[in-house]
Amino acid sequence: MPATQYILLSLPLRIFEDDPISSLTATVGRDNGEVLPFAIPSFKIGTLDALVQHADDLTKLNAGCEAVVAKVSESLKAILDGDEEKAGQQKMVNDKPTDHYLRSFQWDKSRYRADRPLGELIENLQKELQNIDNDVKAKFNQYNSVKTNLATLQRRQTGNLATKSLTPIVDPSLLVQDSEYLETHLIAVPTNAKKDFIRTYETIAPMVVPRSSIQVAQDDEFTLFAVTTFKKTSAEFLQKAREQKWTPRQYKYVEGGKEEEQKEIERVAKEEKKVWGEALRLGRNGWSESVMIWTHANALRVFVETVLRYGLPLEFVCALVKTTPKQAKKVKSNLDSAYSYLGGNAFGRDKRGRVTKDDASLTSEMAAAGLSTAEGSEYTPYVYYEFDFP
């Protein structure tokens, strides 16, 4: 299924003789995309200087929204083991598909009062976005921490003798305990070096108890031996063992240790399942909230840019075009052909009157005057924003 690209448009109402949406549909071309009305309420306009500042703030807010939505998407994908299809099923807005929310968008007047100053609305959206980012990040960090802890505990049960827990393996009767002078060391030796170990362990350091080695366990990679030395030479023996590529294992017998380890695994597994559910719910909510914030920010962005571009009295039509990245180029080309005259001298033309390219100097002047264009894109003679969802 091809990716979806959305385009938000705003054009002055005066240029349309008939129904604007029908006219835009004909211009865009039914094969290139679907044109839908996008309702934007009337906001308090304020001064020109304030509008220019709002345009700048909204550009930054748009980038922030895009980043948070992408991070939430990645978090959902990660918690669902990279399954794109399952992650997609969680990307709902108010329990409905994201596309449904955009197609039927209505400004949430109970949450963002349209009679409040634009600066206040932008600030509220910024704060909400930051809160969502912080909440989702904290919960997914918690989940990853618990998941890592559980994986570590499980590896200690299933790894080889050089890494796994020795609690269920070692018989404490094999160890010298409570001796003032002697202690037993557990050494994991690569199985292919087993004969060398038996032949040399007594002589690699002083005061190794002769014939004290006991084979405790063996797996496909390592053989575990118990060796007794005098305490005062233990450090030297362990160092020499490491030099031989033998692995000393830390172990201390604790009564009931085997049962405690199993209880700890069960406890962490239960916690991991609980935090997984919390992270999934928060990810779903984070997607819903961040998409709503982004859409409201886009609505404000179109409004501010429309005022700056078309002036007062404010009579315009806003539309949402649902298309694909490939078809979006055709949509843009068709729109430019039909509405380039709105840009006046901003567009050069050939002898037949066809649009060639924008005038860079005039574009710069318009940008300086507050008529913003997307970073890295050319000036358009109408309000035009592209966005998509991961």
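Okay, helix H9 first, residues 325-339: in this predicted model the helix has 15 residues and reaches 21 Å from first C-alpha to last, close to the 21 Å expected at 1.5 Å a residue. Which of its residues are buried? Ala328, Val331, Leu335, Asp336 and Tyr339. Looking down the axis of H9, those buried residues fall within an arc of 130°, so they line one face of the helix. Turned away from that buried side, you've got Lys326, Lys329 and Ser337, which are exposed.

The largest nonpolar core has 62 residues, and Ile40, Phe43, Trp107, Leu300 and Phe389 have the most contacts inside it. Several elements give two or more residues to this core, including strand E1 (5-12), helix H2 (48-79) and helix H5 (118-158). The biggest giver is H8, with 18 residues. Now have a look at Trp107: leaving out residues up to four places away in sequence, Trp107 touches Pro41, Phe43, Tyr112, Ala114, Leu121, His296, Ala299 and Leu300. Apart from that core there's another, of 18 residues, with Ile21, Val35, Val317 and Tyr382 among them.

Last topic, charges. The count comes to 20 salt bridges. In helix H2, Asp56 and Lys60 sit four residues apart, about one turn, and their side chains meet at 3.5 Å, N to O. Lys60 counts as exposed because its relative accessibility is 55%, while Asp56, at 36%, is partly exposed. Then Glu120 bridges to Arg116, with the closest N and O atoms 3.0 Å apart. And finally, Glu34, Asp99, Arg103 and Lys322 are linked up in a salt-bridge network.

Note on methods. Residues numbered from 1 in each chain as written. Predicted model: local features only at pLDDT ≥ 70, side-chain atom pairs only at ≥ 80, totals over all residues. Heavy atoms only, no water. Expected span 1.5 Å × (residues − 1). Buried < 20%, exposed > 50% of the residue type's maximum accessible area, 1.4 Å probe, protein only. Arc of directions from axis to C-beta. Core = buried A, V, L, I, M, F, W, Y, C linked by side-chain atoms within 4.5 Å. Contact = heavy atoms within 4.5 Å. Salt bridge = Lys/Arg side-chain N within 4 Å of Asp/Glu carboxyl O.
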